[in-house]
Amino acid sequence: MPILLAAFDVVTYTVRYDDAGTLANFTSEERASLVTADDGVVYTIDIFVDKEMRAPVYVTYELGTFYQNYRRYVRSYDADQMHDGTPFPGLSNCEPFLYETASGLDADPALPESGAILPCGQISHSNFNDSFLLSSSEPALDVSINESNIAWRSDAEHLYGNVTSVNYNQIEAYRGGNTSTVPLNQDEHWMIWQRPAGQKTARKLYGRIESDVPPNTTLTLTVFNRYNTYSFDGTKTFVLSSNSWMGGKNYVLPYLYLVCGGLCWVVVLVFTGLSWKGLTTPGDTSRLSWVREAKAKAKKKGGGGGAAARAGGIVEFVVSD
């Protein structure tokens, strides 16, 4: 029950933004053309917070029907490249995202390292590049998004190295998503993206608000929409969520505990009822099959004395008349 109450205390607000703002009246094809041109599309959305949100307030984004857990996608990277900066080109797992060319498979001597991409692979190529800003109707309230210390420390210290990207999503015509202008082990948004989501909806941490948000506050979300999910009818959602001692809003675990606990109580009541009616005695081992077999064998061997029946460490003496 405490876990369920903790889940109820978590306050969450979700805003779907891929079809909002200035994009509301366009088709999917038109939206795809607009967000991939130049710097994308910028618009604002109001979020009315009617309940108090205690800091830290986590800012995440969700990509619906993205299927980042697809096997071919998950294995499309080169671990040595991301840690050591070599080799060029990357492993064949990265195909067809090995070179910054139309085919992705052919070298171009006019480019650095003949156009070989670092980091290569589809995960890096599809790096999320939307960005967000938050402001409040109350000038004194600081709801700026802190984007630091959001990636796993082990990733920055062990998994990725002090490696600078090369030919990585530089050419607009071949670009699949964001690039990286800092060493890979310092680009926290990139490191978070490199950990594929386990479900069809990819949910990623973007940052956190380090101030309490009081109730009846209107937040203004400024969206820089650049990421093309329209070609596969994907959705994009902005999420604000508070936290509890058990983490975020999750009803699966408390309901599972309640169901299992309820079943245990049913079993206890059934055995208590049987014991009360004299049908069985709790802890009675005489009804165990191997004990009964041992007793039967002992009786067959019984003579003038006694026979010992051993079963599972239990010794019973059966004395003949």
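Residues are called buried at under 20% relative accessible area, exposed at over 50% and partly exposed in between (1.4 Å probe, protein chains only). The model is predicted, so local features need pLDDT of at least 70 and side-chain atom pairs count only at pLDDT 80 or more, while totals for chains, interfaces and linings use all residues. Residues are numbered from 1 along each chain as its sequence is written, and side-chain values use heavy atoms, with hydrogens and water left out.

Helix α9 covers residues 289–301. Helices (H or I, at least four residues) and strands (E, at least two) are DSSP runs, numbered from the N terminus. The buried residues of α9 are Val291, Ala294 and Ala298. They lie on the same side of α9, because their arc around the axis (taken from the directions from the helix axis to the C-beta atoms) is only 60 degrees. The face turned away from this buried side carries exposed Arg292, Lys297, Lys299 and Lys300.

Three strands form an open sheet in the order β2-β6-β4, with antiparallel pairing. Its edge strands are β2 (41–49) and β4 (131–136), each pairing on one side only. Pairing requires at least two DSSP bridges between two strands. Nine bridges join β2 to β6 (residues 217–225) in the antiparallel sense. Phenylalanine 48 stands opposite threonine 218 in β6.

Methods. Expected span 1.5 Å × (residues − 1).
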